[in-house]
Amino acid sequence: MTDSAGPVRVGLIGSGWIGRFHGESLARRIPETDLVAVADPAPGAAERVAGELGARYAYTDAADLIADPDVEAVVIASPARFHTDLVVAAAAAGKAIFVEKPMALTIADADRAIAAAAAAGVPLQVGFNRRFATGFAAARQVIDEGGIGTPQLLRSLTRDPGGFDPAAVKPGTIFLETLIHDFDTLRWFNPGADVLDVYAVGDALVHPEFAGRGLLDTAVVTIRFDNGAIAVAEANFSAAYGYDVRGEVFGSAGMVTAGDVHANEMRHYHAGGASGPTTRLNIDLFRDAYTQELADFAANVRGAGRPVPTGEDARAALAIALACIRSVDTGARVALSAVTA
Ligand SMILES: NC(=O)c1ccc[n+]([C@@H]2O[C@H](COP(=O)([O-])OP(=O)(O)OC[C@H]3O[C@@H](n4cnc5c(N)ncnc54)[C@H](O)[C@@H]3O)[C@@H](O)[C@H]2O)c1
């Protein structure tokens, strides 16, 4: 399946916004990886990114990249609806797999992806990058060390910096592609606990004119865990002040917080008050986390350990997202068992 030494030879599938950034990490920022191939069906896209990043092969069909014997691992960054089939094809070819979130859009597909990787015995890691952000990882360590006692209240939020095309946002996106990060973070911040049920409210507050077409650009979710903890996740697609991702866990012995909208510690103090720059892009806010998750993946492909977040983590976060969609549709609290059964 994989060589036991040297940089991991990675093929990038999908070279759009995040794929291109991952390609740069693989080619330039991570010594333990080589970007050897790029696949993208958009005319000229794979050639362009492969050329810029020094990859030897460019394909329009991901199947050709997966069949390439020089590729020992794939990073899948295509649109979400292709993820499961690509995971299954890569597993069948014996390639180690890093797949962007969401790994699947249905529980059946999540199970299919997990089973394919297990049957092939290949590593499968999912792109929940917040786990690799320094502040979030430090918060989890405080939780592990008992620093907040028993978790009682958890909070996670994502406020994107806006500029989206409301006509291009598919129904469910806010849960399946955005809040799925928060759902993973909340599970990870409450280790060992399972989610019982969710209640979700959503609306089109940024673009109310699209409300009738099913757009949700704003949502709040309450989540109950089986250890009694209660969590709130919230998202909005248009924060005027920048890209804002934060998490918080409050417990019997204290509180831990993670995430900061400020780009750095500089503050400008002036007649009108004090101000500082904020982050505008995910690839700036999470630059190091996106790089570290792929560095960890490479280490795990070389045998350091089992890749985390796992396919099972992806399935668990997906189940919460699917329950949220049902909750918005019905106006009712939805048990997770109702979407996983
Ligand atoms: N972890 C994160 O923070 C994060 C951030 C951004 C995007 N993502 C995820 O990454 C995925 C891609 O998002 P994006 O914003 O880069 O999208 P994008 O539209 O910018 O790029 C997708 C690329 O995939 C290509 N493509 C389409 N079909 C393909 C196929 N069958 N095989 C290979 N390539 C194909 C497209 O031509 C395009 O170049 C999504 O699942 C998204 O949720 C994750």
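In this predicted model, the shell around the ligand is made up, by class, of twelve nonpolar, eight polar and four charged residues. The shell counts 24 residues, of which Gly 14, Gly 16, Trp 17, Ala 42 and Glu 100 come nearest to the ligand. Helix 1, which spans residues 17–29, supplies three residues to this shell, and that is the largest share. The protein chain that holds the site has eleven helices and 15 strands, and its radius of gyration of 20 Å is close to the 20 Å that the globule rule gives for 341 residues, so the chain is as compact as a globular protein of that length.

**Overall dimensions and packing**

- Taken along the principal axes, the C-alpha atoms of the protein chain fill a box of roughly 55 × 50 × 50 Å.
- Of the 341 residues in the protein chain, 48% count as buried.
- Among the contacts in the protein chain with a separation of 6 or more, 69% are accounted for by residues 24 or more positions apart.

- Six strands form an open sheet in the order 3-2-1-4-5-6, with parallel pairing; strand 3 (57–59) and strand 6 are its edge strands, each of which pairs on one side only.
- From one strand of this sheet to the next, the twist averages 25 degrees.

**Leu 124 in strand 6**

- Leu 124 is found in strand 6, which covers residues 124–126, and Leu 124 counts as buried because it has 26 C-beta neighbours inside 10 Å, where 20 or more are needed.
- Although Leu 124 and Phe 98 are 26 residues apart along the chain, their C-alpha atoms are separated by 5.9 Å.
- Leaving aside neighbours within four places in sequence, Leu 124 is in contact with Val 87, Ile 97, Ala 117, Pro 307, Thr 310 and Gly 311.

**Helix 4 and its surroundings**

- Helix 4 (residues 83–92) is mostly covered, since seven of its ten residues are buried, namely His 83, Thr 84, Leu 86, Val 87, Ala 89, Ala 90 and Ala 91.
- These buried residues of helix 4 pack against strand 1 (8–13), helix 3 (62–67), strand 4 (73–76), strand 5 (96–99), helix 5 (107–120) and strand 6.
- Val 87, one of the buried residues of helix 4, is also among the residues in contact with Leu 124.

- Strand 7 (residues 151–159) and strand 10 (residues 230–236) pair in the parallel sense over seven bridges, and Leu 154 stands opposite Ala 231 in strand 10.
- Strand 9 and strand 10 pair in the antiparallel sense over seven bridges, with Val 232 in strand 10 as the bridge partner of Thr 222.
- Strand 8 and strand 9 also pair in the antiparallel sense, over eight bridges, and Val 198 stands opposite Ile 223 in strand 9.

**Backbone geometry to check**

- Most residues other than glycine have a negative phi, and most peptide bonds are trans.
- Gly 94, which follows helix 4, has a positive phi near 80 degrees.
- Strand 9 and strand 10 form a hairpin with four residues between them, and Gly 228 in its turn has a positive phi of about 95 degrees.
- The peptide bond from Lys 101 to Pro 102 is cis, with omega near -15 degrees, and Pro 102 lies in the loop between strand 5 and helix 5.
- The peptide bond from Val 308 to Pro 309 is likewise cis, with omega near 0 degrees, and Pro 309 has its place in the loop between helix 9 (287–301) and helix 10.

Note on methods:
Residues numbered from 1 in each chain as written. Predicted model: local features only at pLDDT ≥ 70, side-chain atom pairs only at ≥ 80, totals over all residues. Near = placed C-beta within 6 Å. Helix = DSSP H or I, 4+ residues; strand = E, 2+ residues; numbered from the N terminus. Nonpolar A, V, L, I, M, F, W, Y, C, P; charged D, E, K, R; others polar. Pairing = 2+ DSSP bridges. Rg over C-alpha atoms; globule rule 2.2 N^0.38 Å. Buried ≥ 20, exposed ≤ 12 C-beta atoms within 10 Å, placed from the backbone. Contact = placed C-beta atoms within 7 Å. Axes fitted to C-alpha atoms, helices over the stretch in contact; angles between N-to-C directions.
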